[in-house]
Amino acid sequence: MAKETKQNLMQRTNQPNMFYGAKPELFARAKYLRENMTESEQLLWHKLRNNQLKYRFKAQHPIDIFIADFYCHQKQLVIEIDGKIHEQQTEYDAGRTAELNRWGITVLRFSNEDVMFRIDDVIQEIERYLNR
């Protein structure tokens, strides 16, 4: 994504720090991921979008060197949906969470199965965090 486009995006959000220094290349990758969400990401996005939980979430949001599945800047909350691959990369995920925590961001993780088969429980847990 061109720097000019990134600046326009940042102006539109009025919160330039919400990207935590993400590089322009990451924005193109995030756009691709938004256009190609997994089934579980689509299901959760359907519940998070349009301020349905009274907070604005962004899907596939660049933060520093990462792309969060979902991000609420107002609450500094990242929501990650973990597929089977995450069973083999627990160390990487822990490091990623630690890096996001250094920015003051909380990470909530749910499995694909949680989202697909227990979406109401997932939403309740997210609401508990948002309303604390």
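Me: Which residues does arginine 96 touch, not counting residues up to four places away in sequence?
Reply: Keep in mind that this is a predicted model, where local features need pLDDT of at least 70, side-chain atom pairs count only at pLDDT 80 or more, and totals for chains, interfaces and linings use all residues. Residues are numbered from 1 along each chain as its sequence is written, and side-chain values use heavy atoms, with hydrogens and water left out. Touching here is contact, meaning heavy atoms within 4.5 Å. Leaving out residues up to four places away in sequence, arginine 96 touches Phe66, Ile67, Ala68, Glu80 and Arg109.

Me: With which side chain does the side chain of arginine 96 make a polar contact?
Reply: A polar contact is a pair of N or O atoms within 3.5 Å; within protein, one must be able to donate a hydrogen and the other to accept it, and residues adjacent in sequence count only if both atoms are side-chain atoms. For the side chain of arginine 96, the pair sits at 3.0 Å, and the partner is the side chain of glutamate 80.

Me: Is arginine 96 buried or exposed?
Reply: Buried means under 20% relative accessible area, exposed over 50%, and partly exposed in between (1.4 Å probe, protein chains only). Arginine 96 has a relative accessible area of 10%, so the word for arginine 96 is buried.

Me: Which residues of helix α3 are buried?
Reply: Helices are DSSP runs (H or I, at least four residues), and strands are too (E, at least two), numbered from the N terminus. Helix α3 covers residues 39–48, and its buried ones are Ser40, Glu41, Leu44, Trp45 and Leu48.
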